[in-house]
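Subject: Handing over the structure

Dear colleague,

I am passing this structure on to you, together with some notes on what was found in it. Please look at it first and then read on.

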Amino acid sequence: TDSAVIGEPYTLPSIIRAYMTNSTMMDVPVTWSENPVDTSTEGLKTSIATAISDLTKTTTAKIDVAGISALNDMSVIVMQHEDYSLPTTVSATLTNGKTTNTLVTWDIDTVDTSAIGIVTRIGTSVIDPSKSMELRIDVVPQSVTDITLNESQITMNINDTYQLIEQIEPTDAYNKTVTWESSVPAVASVSPTGLVTANNSGETI
């Protein structure tokens with residue numbers, strides 16, 4: 001027994017698995033008494049498959065055609081400025097208690113992710129327009145994924161200075177503030193802008 005949604009096409013396979021007389025299983029071409037299955041009304045539908053190679057061998061498929069009880073609300077997290085496309089299908093709970101994906105249309109079919117915050121869209125079932133759901137889109141700041149420096153190792157004389165320059169990825173990260181710190185300030189100190197000053201001999205990070 002399988003499930004189908006009222007109003008949505010349901011086609012039975014042209015090949016099914018069959019037990020052979022030698023106790024093995026093979027794929028066997030079949031014809032169906034009804035295919036596609038009539039999904040215009042709810043209820044249990046049946047269709048009989050007949051093996052093309054042996055018309056005396058048949059089996060019956062049962063398809064429980066159910067209506068949509070509810071569309072299930074969704075929530076997603078999207079980075080600021082990230083492209084986001086609304087899904088064409090959403091999860092639906094059927095009148096028989098099972099779940100499936102079903103087609104929806106949206107009240108607004110685009111999502112602007114330029115601003116941080118919550119964006120909501122309402123999806124309506126194509127099959128049953130009386131059923132709708134809410135999609136909550138949480139647009140969050142684009143986080144920093146990598147920081148590189150113009151130099152990874154430098155040699156300096158006492159009282160020399162060197163300007164470190166950071167490269168932050170991605171370039172549209174929300175917070176690109178950098179805090180500079182020396183592990184041994186007595187050897188080399190660093191200013192809030194990344195200017196390194198050599199104070200004594202030794203090594204520091």
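Does Thr50 count as buried or exposed, going by its relative accessibility? Please keep in mind throughout that this is a predicted model. Thr50 has a relative accessibility of 19%, and because buried means under 20%, Thr50 counts as buried. Its place is in strand 4, which covers residues 43-51. If residues up to four places away in sequence are not counted, Thr50 touches Pro29, Val30 and Thr31, and also Leu55, Lys57 and Thr58.

The pairing of strand 1 with strand 5 (residues 58-66) is in the parallel sense and extends over 4 bridges, and here Ser3 stands opposite Asp64, a residue of strand 5.

Another open sheet has 3 strands in the order 13-16-15, and its pairing is antiparallel. Here strand 13 (161-163) and strand 15 (188-190) are found at the edges, each with a single partner strand, so that one side of each is left without a neighbour in the sheet. Neighbouring strands of this sheet are turned against each other by 20° on average, if direction is ignored. Strand 13 and strand 16 (residues 195-198) run antiparallel and are joined by 3 bridges, with Thr161 standing opposite Thr197 of strand 16.

Turning to the surface, you will find a nonpolar patch formed by Val144, Ile147 and Leu149, which together have about 240 Å² of accessible area. Of these residues, Val144 lies in the loop between strand 11 (132-140) and strand 12 (146-149). Is Val144 buried, exposed or partly exposed? With a relative accessible area of 34%, Val144 is partly exposed, because that class lies between the limit of 20% for buried and the limit of 50% for exposed.

With kind regards

Definitions and conventions. Residues are numbered from 1 along each chain as its sequence is written. This is a predicted model: local features need pLDDT of at least 70, side-chain atom pairs count only at pLDDT 80 or more; totals for chains, interfaces and linings use all residues. Side-chain values use heavy atoms; hydrogens and water are left out. Helices (H or I, at least four residues) and strands (E, at least two) are DSSP runs, numbered from the N terminus. Buried means under 20% relative accessible area, exposed over 50%, partly exposed in between (1.4 Å probe, protein chains only). Contact means heavy atoms within 4.5 Å. Patches are made of residues with over 30% relative accessible area and no salt bridge: like charges are joined within 9 Å, nonpolar side chains (Val, Leu, Ile, Met, Phe, Trp, Tyr) within 5 Å. Accessible areas come from the Shrake-Rupley method with a 1.4 Å probe; for residues, only the protein chains shown count as cover. A salt bridge is a side-chain nitrogen of Lys or Arg within 4 Å of a carboxyl oxygen of Asp or Glu. Two strands pair if DSSP finds at least two bridges between them. Axes are lines fitted to C-alpha atoms, for helices over the stretch in contact, and angles run from 0 to 180 degrees between N-to-C directions.
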